[in-house]
Amino acid sequence: MTQSLTNTSRGFTLVELLVVMGIVSTLVAIALPRYAQYRSHAYDTQAEMDVRSVAMAEEAYFLVHDAYLPCADNNCTNLPGIQRLSTDVTLAVTTSDTGFIVTGSHSKGSGRTYTWDSDKGGL
């Protein structure tokens, strides 16, 4: 009763593992900057949408009260239809007798500031 031992191993060689790790790290190096750019753009879009929502709410407020309501950040929830604003979005509304200006930006965005000027027709 002799057992024959065969030296066949099952698994990956070191070279195969290194090649796969090289491919994966190259893909990560390409994808990571694009992901950061997508996130920054998404934060900017949040700020833009908040500016648009507050501008529409200012127009609704004007229809009822015949005046615009100046506000900043969470004080803008006093406008009709504004339940809450996005986190980390900074908003400011300045008013005059004939119109208003809404400015907003996101702290995690690209640094872009969105401005809605009612006298000039919008965003």
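Me: How are helices and strands defined here, and what pattern does the chain follow along the sequence?
Reply: Helices are DSSP runs of H or I with at least four residues, and strands are runs of E with at least two, numbered from the N terminus. In this predicted model, the chain has 1 helix and 4 strands. Read along the sequence, these elements follow the pattern α-β-β-β-β.

Me: What radius of gyration does the chain have, beside that of a compact globule of 123 residues?
Reply: The C-alpha atoms fill a box of roughly 105 × 30 × 20 Å when it is taken along the principal axes. A compact globule of 123 residues would have a radius of gyration near 14 Å, whereas the value for the chain is 28 Å.

Me: What percentage of the 123 residues in the chain is buried?
Reply: The chain exposes about 9,000 Å², and carbon and sulfur atoms supply 57% of that area. A residue counts as buried when its relative accessible area is under 20%. Among the 123 residues of the chain, the buried share is 26%.

Me: Which element supplies the largest share of the largest nonpolar core?
Reply: The largest nonpolar core has 19 residues, and those with the most contacts inside it are Val54, Cys76, Leu79, Leu91, Val93, Phe100 and Val102. At least two residues of this core come from each of α1, β2 (89-95), β3 (100-106) and β4 (114-117). The largest share, 6 residues, is supplied by α1.

Me: Which residues is Val54 in contact with, leaving aside its neighbours within four places in sequence?
Reply: Val54 is one of the residues with the most contacts inside the largest nonpolar core. With neighbours within four places in sequence left aside, the residues in contact with Val54 are Cys76, Leu79, Ile82, Leu85, Leu91, Val93 and Val102.

Me: Is Asp66 buried or exposed?
Reply: Asp66 lies in the loop between α1 (14-65) and β1 (71-72), and its phi is near 60°, a positive value in a residue other than glycine. Its C-alpha atom is separated by 9.4 Å from that of Asp97, which is 31 residues apart from Asp66 along the chain. Because the relative accessible area of Asp66 is 62%, this residue is exposed.

Me: Which residues does Phe62 contact, leaving aside its neighbours within four places in sequence?
Reply: Phe62 is found in helix α1, and at 24% relative accessibility it counts as partly exposed. Between Phe62 and Gly104, which are 42 residues apart in sequence, the C-alpha to C-alpha distance is 20 Å. Once neighbours within four places in sequence are left aside, the contacts of Phe62 are Ala67 and Tyr68.

Me: Why does Asp88 count as partly exposed?
Reply: Asp88 has its place in the loop between β1 and β2, and its phi is positive at about 70° although the residue is not a glycine. Partly exposed residues fall between the buried limit, under 20%, and the exposed limit, over 50%. Asp88 therefore counts as partly exposed, its relative accessibility being 34%.

Me: Which residues does Asp117 touch, not counting residues up to four places away in sequence?
Reply: Asp117 is found in strand β4 and is buried, with a relative accessible area of 13%. Asp117 and Tyr35 are 82 residues apart in sequence, and their C-alpha atoms are 32 Å apart in space. Not counting residues up to four places away in sequence, Asp117 touches Phe100, Ile101 and Gly122.

Me: How far apart are the mean positions of the positive and negative charges of the chain?
Reply: Lys and Arg count as positive, and Asp and Glu as negative. On that basis the chain has 8 positive and 12 negative charges, and the distance between their mean positions is 16 Å.

Conventions. Residues are numbered from 1 along each chain as its sequence is written. This is a predicted model: local features need pLDDT of at least 70, side-chain atom pairs count only at pLDDT 80 or more; totals for chains, interfaces and linings use all residues. Side-chain values use heavy atoms; hydrogens and water are left out. The radius of gyration is taken over C-alpha atoms; the globule rule is 2.2 Å times the number of residues to the power 0.38. Buried means under 20% relative accessible area, exposed over 50%, partly exposed in between (1.4 Å probe, protein chains only). Accessible areas come from the Shrake-Rupley method with a 1.4 Å probe; for residues, only the protein chains shown count as cover. The place of a charge is taken as NZ of Lys, CZ of Arg, CG of Asp or CD of Glu. A nonpolar core is a set of buried Ala, Val, Leu, Ile, Met, Phe, Trp, Tyr and Cys residues joined through side-chain atoms within 4.5 Å. Contact means heavy atoms within 4.5 Å.
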